[in-house]
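Subject: Structure handover

Hi,

Here is the structure I promised to pass on. Please open it and keep it beside this email as you read.

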Amino acid sequence: FDKQVALMTMACSDLVIVNNRGELGRHVGDLFQVCLFALYHLKLARISPAIGFVLQCLSMVNQQQQYEWVATVKKSLEESVQELQQKEKPQSFRLQDLVFLDSESIFVMPSAFNDDVQFGLQVSRPTNLYALKALQLREKVFQWIGRAKASQKQRLREADSMGGATVAAAAAGTPAALPEVTAAASEGPSVSASFASLSQWYEHARTVWQTLSMCGTDLLQFRTMRQVLMAQQLQEFCDALVQKYIDERMTAESEALIERQTRELRSAKASGDVHVVDNAFRGHLDAMRDAAVQDMHHEFDEFVKAHSTKFTDDQVKNDKRFSLMGPMRRKYASVDSLWRSAVHLALEQRSMDHLFEEISARVSELLLEQGASVNVQNVERVFEEKWSQVMAEALQKQRPNLQRVVEEVVWHFNAALSNLKSQFRKAHIFHGVKALSVHEMGTDVEVCSSFLLSKKGVGDALMPPMVPGLAVNAKTQVDNLWIKLVDAMRLEVDQQGQMSDATALKILNRLNSEMESGDQLRQIMHRIGSSFVHRVFIEIARATMHYRFQIEQQNFQSRISEVLGKKQQKLWEIQARVDSGKREVHCAKVWAKTFVDTLDSHFKNAVGRMAQEITSHMANILTNPANACEMAIERSFTKRNWRHVVMYAIDPTQYLFMEFHKEWETFKTGLVDQYCQELKNNFGTCLRLAETRLRDLLASGALEASSDMTMNRLSQQLREACEELADEAVASVLCSCLPSFPADADWPLNNLQQFVQFASVELQRYRANMRQTELTVERRMEVEIARQKANCWKCICGCTARCPGCGTKCNLEHENHWPERPHECRRHLYPAFNGWQKQEGRKPFLLHCRAKAQWQIARTRPPIEPGGPERYWDNFQEMLEDEHPDWLDPTTHGPLPSMEPLIEYEEDCSDAPEHIQREIEENRRAWANCKDALLEHFTSMADDPDIDWLDKFKREGGALE
């Protein structure tokens with residue numbers, strides 16, 4: 001509690017007075033060490049408070065001793081800052097950025113009372129010296145505050161002096177800077193951290209307290225920084241042990257065990273044999289788990305023993321050793337769940353086999369007793385009654401359990417959260433997030449109504465309605481963040497609906513990276529605090545539960561469909577046995593069903609060919625990402641479509657997708673209608689022609705002329721009759737889709753007239769259900785086209801990186817080409833299209849991106865965190881080497897030929913080649929006609945009406961307003 005109160009005061013005060021009784025001991029330094037550590041990781045250091053120590057009940061303490069006490073505490077805190085910087089960028093912050101403490105930040109107070117003995121009784125009286133010292137302390141407090149403010153102003157002057165003759169850039173969504181400008185961020189180093197009103201201080205204090213309440217004792221549980229480092233190093237070693245023994249060894253051994261024991265399950269003849277295999281599996285799994293745990297504990301103990309001088313805290317060692325059991329228990333439960341599903345399937349199969357054997361025996365008895373007068377309906381009724389019992393048992397065992405899914409997802413996400421929180425030296429957004437609970441997830445209805453399928457409106461639900469200081473599109477940024485998180489979650493959760501601690505950790509790491517890389521998301525985090533991250537954490541957990549439950553439901557429905565198919569097959573077999581004189585009924589149904597299924601499969605492939613045709617058309621227009629980027633420039637800058645120029649400047653990848661979508665939809669509209677109607681007509685035509693030709697063969701006597709007629713021979717004769725059709729396309733489809741059966745299913749046909757009659761009835765029934773077939777064709781076509789469109793866009797989109805100077809899109813084929821190959825774009829623009837501005841008056845920066853002057857100008861960017869130093873580079877090359885090395889040659893660290901600066905791109909170059917002059921003219925014309933819209937987009941950019949060529953190109957018409 002002392003650490004929590006100390007951290008609260010340090011985060012919300014300009015001055016923190018430590019009132020200590022007696023001398024200033026080591027425990028005070030330890031307390032402030034852990035508080036500074038938490039202050040940095042929870043990102044609460046908006047104010048740099050002055051620290052003052054008031055030592056009570058001391059007298060006769062010389063000034064040198066006081067200075068030594070303060071120096072001891074300050075040295076301890078500086079050591080803590082050095083430890084924090086080990087995982088961060090060197091010199092990313094200093095102790096003065098967090099607190100102000102100098103050698104005079106101490107004051108000694110005498111005792112407030114003098115003890116005396118009067119009439120045999122001890123009497124305490126107040127002293128005048130204490131009151132005098134209190135007045136001196138009051139003056140000292142104001143001196144502390146004054147020195148703290150003077151130090152802060154000095155740091156601000158130092159930061160300002162480093163940014164002379166620089167250019168700042170302020171793109172619409174990303175505060176960045178170009179030479180000779182100061183960054184126009186909403187909160188920069190030149191802005192005071194003081195509060196304008198008491199309400200603002202209260203909002204900050206409430207946010208701090210909420211963050212401290214949520215993080216609990218995760219960061220404040222340690223007594224010293226030594227404990228923090230010990231816990232971090234042990235956690236890193238434990239993570240390696242979990243990776244080695246659980247994620248790799250246990251996974252491989254359990255998969256091999258499941259595969260081996262599943263083969264034995266398939267060979268089991270009775271339910272008793274299944275239970276024997278199940279017991280053997282559990283024995284092997286327990287032995288496997290115990291061996292892995294023993295090896296993990298042994299290696300952990302050996303590691304601790306080898307570094308006994310470093311790891312001295314028994315409580316930390318015992319906690320980390322015990323924490324190894326959590327991932328093992330979750331892995332064991334996951335493997336056990338998979339095995340239980342396999343056992344249930346095996347028991348279900350044994351139950352069905354037993355049912356079929358029982359019904360077959362009963363049919364045999366009825367055939368012996370009643371012969372041809374057997375009532376088929378009675379046999380079917382007995383079959384349905386027995387079947388209902390088997391199905392009820394199977395449904396009860398295999399029905400998806402949402403509560404179990406919720407518990408497993410909560411386990412994995414809490415394990416991942418604990419893993420991240422244990423990485424104490426790594427700054428991330430989860431230090432202030434509390435663990436999930438099953439009750440926090442809500443009811444089944446709330447879980448199944450998650451934001452899994454939502455594309456918009458997530459920001460409205462996750463953010464408070466009114467948050468001062470946020471951009472207008474902040475909620476849109478949250479929507480985009482949510483889409484990326486759901487995509488990452490879908491990618492990590494496998495098709496069986498299984499997940500692990502590593503899966504949850506990847507999802508949270510993706511959330512952390514997105515939050516850290518987006519300026520607006522960091523601003524949201526700064527304004528709302530850890531409660532926003534906690535809300536996103538809860539919703540992504542709900543979406544994961546919803547997605548896993550959907551997969552389990554799909555697998556369950558697939559299994560039920562498979563079982564029902566087996567039921568229908570067995571029922572047909574029983575019917576054939578019941579009425580041997582009417583076995584052709586069964587043969588006709590099987591023949592017609594096989595024919596329709598083959599025909600349906602053929603038209604399904606036709607849908608894929610249609611979608612492939614659209615893809616081929618698009619490939620002819622947009623052959624590759626480089627060609628697509630050139631087309632985007634041509635359709636916007638070259639063709640003088642100023643609205644498209646503005647869209648390209650804001651987001652070239654999104655503009656390219658718009659053009660791709662327009663081309664796709666234009667070509668798709670006519671082709672889909674043509675193919676869809678053709679497929680619907682051909683499906684019904686094939687069924688009708690098959691029925692007609694079958695009746696014609698029977699009427700002509702061609703079927704009865706053949707002896708030993710079987711189902712394959714009948715299909716062959718019908719195939720020969722269909723080859724004579726005038727429509728070659730329909731004839732080809734019919735000939736390829738007529739059924740062919742293996743030798744054991746090529747049943748002889750005894751009553752051809754009856755077979756043709758029942759086959760015709762079956763075909764007529766399928767034709768009558770054409771409305772459902774039409775819907776299926778349309779649905780398949782929509783799904784296939786959407787899939788092909790997504791695949792085509794992946795090929796055309798390529799790398800989405802943008803030139804740090806002018807913002808043009810990279811021309812390479814995929815995103816993961818670095819470091820083998822740097823980013824490259826063949827066409828560059830004025831940096832003003834990317835929001836770069838001059839220092840003087842924040843006017844647009846209108847030099848070509850490849851101009852030598854553009855590369856020689858210094859750059860600045862706002863600090864990464866509030867209160868930090870402003871980032872500065874002497875020239876564009878240095879900025880690229882520091883922040884964008886992936887745009888430079890990895891060998892020479894210089895620009896590629898397509899990006900290197902040339903004298904021909906200078907504005908005053910008179911002998912530039914024609915294509916360069918044309919490129920510069922296109923840039924000027926585009927800026928002259930689009931500047932008003934771009935100035936509205938880049939809100940901090942000011943107009944520059946003194947450009948000499950502005951009126952010339954603007955008069956060419958069509959300027960945006």
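Below are the findings, grouped by topic.

This is a predicted model, in which local features need pLDDT of at least 70, side-chain atom pairs count only at pLDDT 80 or more, and totals for chains, interfaces and linings use all residues. Residues are numbered from 1 along each chain as its sequence is written, and side-chain values use heavy atoms, with hydrogens and water left out.

Two terms come up throughout. Helices are DSSP runs of H or I with at least four residues, strands are runs of E with at least two, and both are numbered from the N terminus. Buried means under 20% relative accessible area, exposed means over 50%, and partly exposed is in between (1.4 Å probe, protein chains only).

**Aromatic pairs**

A pair of aromatic rings is described by the distance of the centres and the angle of the planes. Rings of Phe, Tyr and Trp (its six-membered ring) pair if their centres lie within 6.5 Å. Planes under 30 degrees apart count as stacked, over 60 as edge-to-face, and the rest as tilted.

The whole structure holds eleven aromatic pairs. One of them joins Phe451 and Trp482: the centres are 6.2 Å apart and the planes stand at 85°, so the pair is edge-to-face. Phe451 sits in the loop between helix H13 (444–448) and helix H14 (458–462), while Trp482 belongs to helix H15 (residues 474–492), so the pair ties together parts that are 31 residues apart in sequence. Phe451 counts as buried at 19% relative accessibility. Trp482 is buried too, at 1%.

Phe637 and Phe833 also make an edge-to-face pair, with 5.4 Å centre to centre and 75° between the planes. Phe637 is in helix H20 (residues 625–638) and Phe833 is in the loop between helix H26 (770–797) and helix H27 (852–856), so this pair ties together parts 196 residues apart in sequence. Both Phe637 and Phe833 are buried. Ring pairs go on to link Phe637, Tyr648, Tyr655, Phe833 and Trp927 into a cluster.

**Salt bridges**

Side chains of opposite charge can pair when their charged atoms come close. A salt bridge here is a side-chain nitrogen of Lys or Arg within 4 Å of a carboxyl oxygen of Asp or Glu. The count by this rule is 33.

Start with Asp286 and Arg289, whose closest N and O atoms are 3.8 Å apart. Both lie in helix H8 (residues 271–306), three residues apart, about one turn of the helix. Asp286 is partly exposed, at 25% relative accessibility. Arg289 is partly exposed, with a relative accessible area of 25%.

Asp301 and Arg321 meet in a salt bridge at 3.0 Å, N to O. Asp301 lies in helix H8 and Arg321 in helix H9 (residues 314–323), so the pair ties together parts that are 20 residues apart in sequence.

Asp460 and Lys475 form a salt bridge as well, at 3.4 Å, N to O. Asp460 is in helix H14 and Lys475 in helix H15, so parts 15 residues apart in sequence are tied together. Asp460 is partly exposed at 49%, and Lys475 is partly exposed at 26%. Elsewhere, salt bridges that share partners join Asp278, Arg282, Asp336 and Arg340 into one network.

**Backbone**

Most residues other than glycine have a negative phi, and most peptide bonds are trans. Which peptide bond is cis, with omega near 15°? The bond from Trp818 to Pro819 is. Pro819 is in the loop between H26 and H27.

Arg640 is not a glycine, yet its phi is positive, near 60°. Arg640 sits in the loop between H20 and helix H21 (642–650), and it is partly exposed, at 42%. His893 has a positive phi of about 60° and is not a glycine either. His893 is in the loop between H28 and helix H29 (914–937). With 47% relative accessibility, His893 counts as partly exposed.

Best wishes
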